[in-house]
There are 2 protein chains.
Amino acid sequence: MKKHGNEEHVFEIGVVIPRRVVQEKDESCDCAYVLVKEFEKVGFVVERVIGIADEFIKLAAPLETLGRAAAELQIKKRTLIGMDLQFEVEEVEAFVKQPDGSVFSWYERFQCYCHLIYGIVNNSKSVKTLKFDGKEIHWEIGENLLLKLESVEIVKQVFPLHDEQKRKKLLRSWALQWWDFTSQPIDEIYSYYGAKIAIYFAFLGMFTRWMLFPAAFGLTLQLIDFGSLKLVVLPIFFIMVILWAIMFSQFWKRKNSALLARWPISSIVAADQGYKISGRKSSSWQPPMELMKVFETDRAKEKEIFQRHEWLGRLMRFRNDAIIIFSIICLQLPFELAYAHLYEVLDSDIIKFGLTAVYLFAIQYITKIGGKVSVKLIMNENNENTEKRADSLVYKVFGLYFMQTYIGIFYHALLHRNFSTLRQVLIQRLLLSEVLENLVENSLPYLKYSYKKYRVRHKKNEKGEAREKFQFTSRVEKEYLKLSYSASIGEELEDGLFDDFLELALQFGMILMFACAFPPAFAFAAVNNLMEIRTDALKLLVILRRPVPRAAATVGAWLNIFQFLILMSICTNCALLAWLYDEEGKWKIEPGLAAILIMEHVLLLTKFGLSRFIPEEPAWVRANRAKHTTQAQDMCSKKLLRTISGGDKTFREGKKLE
Amino acid sequence: MKKHGNEEHVFEIGVVIPRRVVQEKDESCDCAYVLVKEFEKVGFVVERVIGIADEFIKLAAPLETLGRAAAELQIKKRTLIGMDLQFEVEEVEAFVKQPDGSVFSWYERFQCYCHLIYGIVNNSKSVKTLKFDGKEIHWEIGENLLLKLESVEIVKQVFPLHDEQKRKKLLRSWALQWWDFTSQPIDEIYSYYGAKIAIYFAFLGMFTRWMLFPAAFGLTLQLIDFGSLKLVVLPIFFIMVILWAIMFSQFWKRKNSALLARWPISSIVAADQGYKISGRKSSSWQPPMELMKVFETDRAKEKEIFQRHEWLGRLMRFRNDAIIIFSIICLQLPFELAYAHLYEVLDSDIIKFGLTAVYLFAIQYITKIGGKVSVKLIMNENNENTEKRADSLVYKVFGLYFMQTYIGIFYHALLHRNFSTLRQVLIQRLLLSEVLENLVENSLPYLKYSYKKYRVRHKKNEKGEAREKFQFTSRVEKEYLKLSYSASIGEELEDGLFDDFLELALQFGMILMFACAFPPAFAFAAVNNLMEIRTDALKLLVILRRPVPRAAATVGAWLNIFQFLILMSICTNCALLAWLYDEEGKWKIEPGLAAILIMEHVLLLTKFGLSRFIPEEPAWVRANRAKHTTQAQDMCSKKLLRTISGGDKTFREGKKLE
């Protein structure tokens with residue numbers, strides 16, 4: 001085992017191999033030894049840890065190693081003049097630093113690690129024979145070592161490791177910081193988890209902070225009896241809440257662009273470069289190379305071909321969406337309605353309970369099938385990159401959940417046409433879904449982790465080894481046993497963020513679409529979200545493995561879903577109000593309906609007017625960027641021009657000036 | 001008089017001074033002579049033309065002169081690597097060429113001309129005394145010559161000249177090209193008139209071409225009697241037309257970005273640099289310099305100050321809009337309603353005629369006042385540049401015209417609730433407004449021009465000079481007598497494009513908002529637009545002076561107005577349909593109304609869904625740009641980085657490599 005004296009290195013990747021029973025005599029043939037040697041040859045700092053059931057190789061990469069990998073990968077990074085250029089090791093100074101002072105972001109580092117780990121091939125002139133626990137593996141010339149070892153299951157997994165120092169710091173400053181609930185160290189989260197997760201928490205924080213206003217309003221409405229004024233107060237509440245939601249979605253865009261201004265994320269990195277933990281380049285739709293070549297040969301045809309390619313892709317996307325929508329309406333809708341109706345007409349509580357059990361079982365199955373079908377369909381679309389594809393998946397799967405969550409409530413609202421039943425249903429759902437889900441979401445991974453630990457111990461015990469040896473002394477083995485941050489559907493495209501965002505969106509729709517029916521729902525949601533911030537933080541820091549970083553730096557599809565929910569809620573609330581006034585019989589239907597229709601149209605107009613009124617990028621962000629980049633540009637404007645206008649001229653000019 | 005042998009120079013700017021009665025003996029004191037000498041010193045090619053009433057100095061600038069001016073102005077131009085950099089004469093090769101092969105666009109050239117013309121100051125150490133027609137003018141040290149001469153009215157005007165060769169070519173290939181009505185040489189129009197006017201004609205052409213489809217549909221509906229199917233066909237027509245309009249606005253955005261990809265317009269030139277024909281820097285809201293300085297001193301405060309500045313400006317804008325909307329509703333609406341009502345209740349045709357005359361007189365007055373108030377209000381807003389300010393004006397003034405044009409029709413629709421009266425009103429308006437306006441628009445400038453010519457001749461005749469001398473032999477004098485391309489309101493911010501776009505938008509609203517009432521209106525509009533293309537072209541080429549080029553390269557505020565009209569027309573047409581079915585009594589109101597409401601909501605959703613579905617930039621434009629810029633970037637990536645990372649390092653590296 002080799003250990004570097006320099007303890008500064010942070011081990012960020014772990015490679016898991018099974019613990020060997022037989023120790024090889026000839027070390028140079030030993031598979032683990034060769035692996036470590038190769039890693040060291042590449043430039044990694046390597047540490048081997050022998051755990052109870054497995055052996056772990058921890059990898060850290062010095063800056064030079066990462067830089068070389070980045071140059072090989074042709075990673076484009078933001079430079080001081082605001083343009084993205086290919087990384088070069090020698091010209092490190094030209095690139096914008098990360099907020100924590102490092103050159104590479106966690107996402108870029110991870111890409112480099114993958115490139116290096118999965119880039120090891122047999123460069124020698126002969127086949128190498130590796131031995132592992134008696135097995136013999138022939139490492140052919142030019143063959144990829146890691147893929148080979150993965151295929152014979154010697155390398156069980158490659159996964160990102162927690163950085164203990166930073167994790168503890170975050171635990172203190174974030175998850176266990178109890179006074180100011182909504183403040184979070186977003187920049188540190190970005191450095192540690194990457195942009196996508198940081199953006200989620202920024203969104204959650206802002207959402208919670210904004211939620212306090214309608215929560216207070218809704219509670220007031222519930223607690224104070226307005227008497228005859230009730231009919232006026234409710235529309236006011238509705239209008240305020242819709243305006244609040246519109247403002248929120250608009251101000252979130254501003255916040256997002258302010259965050260992106262702080263983090264030097266190049267637009268090209270954001271359109272990911274197709275590296276996944278699996279090491280193979282994912283078959284993402286690169287700007288089609290065949291098409292690019294046509295560009296050269298025939299200027300006249302290029303446009304036509306590109307147009308055809310674009311519209312074909314769009315048509316495919318449209319077809320897929322149509323399939324999903326069609327099957328949701330034709331298959332899921334009758335099912336949900338049947339359940340809601342049966343639940344309504346049945347008398348016996350026992351049969352109701354049984355029905356719900358069957359329903360819950362069936363719905364899980366349906367969701368899973370729906371997710372799988374969606375993933376299949378998406379694979380045929382030519383979305384530009386993984387994140388776009390994930391967005392496409394989100395839309396499709398959200399349709400499923402939307403139907404599942406709300407159709408029952410709509411049914412109740414339509415059937416009973418009175419608010420008290422609707423209110424009961426809403427309270428039921430809110431309490432059930434939020435409290436239960438939060439519990440399950442956080443306890444389940446921990447239980448699974450405990451069970452895994454138990455199994456490992458148990459196995460060893462069976463083999464009759466002494467009890468005291470099975471304390472999990474090595475942190476890396478504990479981490480290996482933890483669950484990864486994965487989505488309940490389609491692990492290929494989405495990670496655990498999908499579930500977290502889904503929860504938020506369903507909650508948002510529930511409280512907003514039926515705002516008039518049950519104003520204090522906002523208070524429920526606010527309390528739930530306050531808890532959610534901490535529990536999600538704890539989940540990421542303590543319960544789960546460090547997630548694989550993702551490229552995207554916006555909320556993506558979810559913001560569009562939020563906006564769709566706002567639109568829906570304008571319509572549903574107007575319908576609710578119309579029903580309410582119709583039933584109470586105090587207004588005649590004619591002027592009342594007209595007033596509600598006018599209100600609806602004004603609100604719809606406001607929704608689209610405001611999104612123009614509030615620009616998506618704050619002025620100070622623009623000014624800041626303009627200042628930084630133009631300063632840098634102006635400083636070297638002449639030289640840049642000289643560089644562009646003629647290659648070797650640069651040197652002539654250089655000499656002349658000297 | 002001085003004439004260059006080199007006849008290649010195209011004279012693009014004319015300076016008008018009055019024709020002198022007394023010829024100075026000492027030429028060096030003669031004002032005109034000094035002016036010409038100064039122009040030549042600056043680098044212009046000068047030609048003097050003596051007209052009948054005035055004397056003209058025609059200016060042409062060789063590339064070197066323009067380049068020097070551009071470098072002084074620090075004009076930012078698109079370079080081959082896709083970044084905008086300050087122009088440098090020596091590095092011309094680094095910049096993207098215009099489609100016609102020249103270095104500068106007409107807008108940039110015009111800016112340079114203005115900079116040079118209005119940049120002449122007395123650099124000598126003594127006050128110069130200039131004589132003109134007996135008057136003595138003291139040109140102080142450091143004083144601006146042109147401003148001085150303008151203030152004493154010796155320089156009557158500075159205006160852009162037509163380029164006879166290109167004008168004739170355009171006349172042949174554009175205005176007088178009769179077979180394919182909708183095809184226009186957009187690139188040549190761009191080179192000759194600048195981006196804004198080219199975009200207008202591209203928009204008009206595309207609009208007309210697209211208009212043919214609903215025109216055919218509408219005519220079919222009119223000519224064929226569907227009998228009992230009528231009630232089904234009309235909603236179908238409505239849905240088709242709305243979809244058509246949505247698609248049009250979306251595809252226009254694509255077309256616009258495709259056009260912009262062809263023309264190398266840098267984003268910074270588009271945010272104009274504040275030069276107007278008046279020569280003074282317009283007081284446009286530059287990114288506030290005081291604020292920029294705060295950036296340096298206090299990083300913590302910067303954000304706050306910028307936020308305050310931004311929101312204050314937005315609040316101002318909001319206040320102004322509110323004032324305009326309020327006064328339109330409180331002042332204009334009652335007036336228009338009063339007129340519509342009086343017209344309805346009066347019996348005598350003579351009184352009706354008188355009323356209309358009074359109304360027309362009053363409405364012109366009101367519009368003018370409204371325009372002036374709007375311009376005043378806008379001056380207080382801190383819009384970023386002239387084009388943004390012009391957009392703000394467009395919104396405000398369009399509100400005025402919207403009320404004026406449609407309120408009468410709405411009144412009729414509401415009052416009579418039957419389609420035949422509404423149809424009559426629509427036909428009346430369409431015929432009147434379109435045919436008459438087209439006539440007036442084109443004949444008025446010509447009549448004014450003829451009258452001006454006549455007056456000049458007449459004056460000379462009075463002085464008793466011989467008749468045959470007064471033929472207008474010099475083209476430049478004729479051009480001087482022509483009208484400029486100016487807006488009917490607020491000349492400071494908008495040119496004649498305002499009127500042209502206004503006409504289009506009002507027509508669009510008229511035919512779309514009442515589509516269900518009068519389907520063949522689309523055919524009217526299509527014929528009118530076909531004529532409009534040619535007459536507008538003729539107007540610009542023959543009847544008017546060459547317009548001052550403008551920076552913007554999009555339709556700007558007008559596209560938003562079109563989209564607003566689409567939204568409005570979804571609502572109005574649904575209302576019309578509801579009324580129609582209500583009156584016909586074939587459907588019960590309940591299901592009919594519900595169906596119409598659902599249709600409305602689905603269409604509204606489609607409107608916003610489609611704008612996401614159809615991306616604003618075609619894939620081939622993006623691919624094309626990516627290819628060009630990345631090629632250039634990759635070619636000099638290393639050198640660029642070297643330039644950015646360290647100044648003098650460039651030269652060291654350069655030497656080493658040699």
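Two strands are taken to pair if DSSP finds at least two bridges between them; helices (H or I, at least four residues) and strands (E, at least two) are DSSP runs, numbered from the N terminus. This is a predicted model, in which local features need pLDDT of at least 70 and side-chain atom pairs count only at pLDDT 80 or more, while totals for chains, interfaces and linings use all residues. Residues are numbered from 1 along each chain as its sequence is written, with chains lettered from A and ligands numbered from 1 in the order in which they are written.

On that basis, strand β1 (residues 13-18) of chain A joins β8(A) in the antiparallel sense over 4 bridges, and A:Val16 sits opposite A:Gln157 of β8(A). Both strands belong to an open sheet of 4 strands in chain A, ordered β2-β3-β1-β8, with antiparallel pairing. The edges go to β2 (45-50) and β8 (157-160) of chain A; each has a single partner strand, so one side of each lacks a neighbour in the sheet. From one strand to the next, the twist averages 25°. Helix α1 (residues 31-42) of chain A packs on this sheet and touches β1, β2 and β3 (54-60) of chain A, a contact being two residues whose C-beta atoms, placed from the backbone, lie within 7 Å. The direction of α1(A) makes about 5° with that of β3(A) (axes are lines fitted to C-alpha atoms, for helices over the stretch in contact, and angles run from 0 to 180 degrees between N-to-C directions).

Chain A as a whole is assigned domain 1 (13-161), domain 2 (186-285 + 383-617) and domain 3 (621-657), with bounds from an automatic or database domain assignment. Where domains 2 and 3 of chain A meet, each supplies 4 residues.

The unreviewed UniProt entry places several "transmembrane region" features in chain A, including 349-367 and 551-581; such annotations may be inferred rather than shown by experiment. Residues 349-367 of chain A are 100% helix and 0% strand, with the end C-alpha atoms 26 Å apart. For residues 551-581 of chain A, the figures are 81% helix, 0% strand and 50 Å.

Over in chain B, helix α2 (residues 63-73) and helix α3 (residues 106-117) pack at about 85°, their axes 9 Å apart. That makes α2(B) roughly perpendicular to α3(B) (the label covers 65 to 115 degrees; under 35 is roughly parallel, over 145 roughly antiparallel and the rest oblique). Among the contact residues are B:Leu66 and B:Ala69 of α2(B), and B:Cys112 and B:Leu116 of α3(B).
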